[in-house]
Amino acid sequence: MLPRRKILQGLVHAGAAAFLPQSARVFAQREGLPTERLSTQRLRETVLMVRGAEANVLVLASQEGPILLDGGAAAWSPALLAHIAQFAPGQAIRALINTHWHPEQVGSNVALGERGTEIIAHDNTRLWLSTNVAQRWSGKHFSALPKAALPHTTLYDSAEKRIGEHTLRLAYLPEAHTDGDLCVYLPAANLLFAGGFLSNDTWPLIDWWTGGWSGGVLNAFAAVLPLCNAATLIVPSSGPLMTYADLQAQSDMYHSIFDKVHTAFVQSLSPEETVALQPASGYKPAWGSADLFITLAAQSLQGQLRGAVGGWLPRIP
Ligand SMILES: [Zn+2]
């Protein structure tokens with residue numbers, strides 16, 4: 001157990017500037033990855049946000065060892081873990097929470113699982129990670145993780161956990177970005193780590209193949225907005241920190257866009273015809289094309305209906 005002063009030392013340094021520790025820089029050069037990509041922002045006294053590992057990662061300093069919320073992509077895991085080691089010298093990672101099963105969130109599971117770190121996730125996230133996934137809409141294949149890398153502390157519904165000196169409220173957001181989405185609210189820090197349904201630099205993709213759908217995304221906003229207030233720091237799965245006003249504005253935006261997508265669905269328009277209507281036109285030009293986002297939102301309605309009618313629906317791709 002390290003003295004609190006020592007734990008905080010690294011955090012104070014981390015707040016000064018974005019940097020890669022030497023070991024991470026060497027690794028990045030060796031692997032041909034861009035250097036100077038991981039950046040760190042101190043959000044609260046014992047809370048850091050690390051960006052650049054293909055998804056946002058939150059690090060909570062703790063006397064029992066750092067707690068990670070999501071682990072970045074596998075290619076970045078060695079650099080990320082070396083980066084975090086700078087803030088907590090000599091401490092093993094105490095726990096890792098996977099907000100969902102996607103590779104950008106679980107890329108440190110193998111390394112940390114082998115070291116005996118407690119890995120926490122929703123039951124459905126463990127199930128997806130336990131099997132080979134052929135994601136129908138992307139054509140990508142994802143291999144099951146080795147047993148040691150699977151979450152072994154799982155929950156089916158929302159739960160509060162005490163880890164070290166931190167209280168973490170894990171809220172289950174059913175069928176939103178996937179069917180195993182968790183968000184994490186830290187009451188002492190008044191901070192929300194939102195998980196996969198929330199993005200702040202690109203259109204989030206609804207993974208209907210593993211249980212996400214557009215209505216669930218709206219439900220996720222409805223579930224997290226009451227947790228937050230004007231002073232809450234909101235960490236999306238990708239992109240910069242958000243405010244409560246940003247969260248409210250995004251909720252309004254998705255309601256407006258999905259209203260159009262849902263109307264098109266009721267009119268029996270195909271996903272291609274729905275994209276042609278450009279339901280996201282005028283929103284977030286900096287996020288690039290919304291076509292795939294709209295396609296998946298439209299397909300997610302078919303996915304929901306297919307489940308409801310027992311597997312039969314002619315237009316599902
Ligand atoms: Zn995701």
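**Exercise 1.** Which residue in β14 is the bridge partner of leucine 192?

*Solution.* Two notes before we start. This is a predicted model, in which local features need pLDDT of at least 70 and side-chain atom pairs count only at pLDDT 80 or more, while totals for chains, interfaces and linings use all residues. Residues are numbered from 1 along each chain as its sequence is written.

Step 1: Find the strands, which, like helices, are DSSP runs numbered from the N terminus (strands are E, at least two residues; helices are H or I, at least four). Strand β13 covers residues 191-193 and is joined to β14 by three bridges, the two running parallel.

Step 2: Read off the partner: leucine 192 is bridged to isoleucine 234 in β14.

**Exercise 2.** In what order do the strands of the five-stranded open sheet lie, and which stand at the edges?

*Solution.* Step 1: Strands count as paired if DSSP finds at least two bridges between them. The order is β10-β11-β12-β13-β14, with mixed pairing.

Step 1: β10 (159-163) and β14 (233-235) each have a single partner strand, so one side of each has no neighbour in the sheet.

Step 2: On average, neighbouring strands here are turned by 20° against each other, direction ignored.

**Exercise 3.** Describe how helices α7 and α8 pack.

*Solution.* Step 1: Two packed helices are described by the angle between their axes and the distance between the axes. Axes are lines fitted to C-alpha atoms, for helices over the stretch in contact, and angles run from 0 to 180 degrees between N-to-C directions.

Step 1: α7 (residues 214-224) and α8 (residues 244-266) pack at about 160°, their axes 10 Å apart. This makes α7 roughly antiparallel to α8 (the word applies to angles over 145 degrees).

Step 2: Look at the contacts, meaning C-beta atoms, placed from the backbone, within 7 Å. Ser214, Val217, Leu218 and Phe221 of α7 meet Ser251, Tyr254, His255, Phe258 and Val261 of α8.

Notes. Parallel < 35°, antiparallel > 145°, perpendicular 65-115°, else oblique. Contact = placed C-beta atoms within 7 Å.
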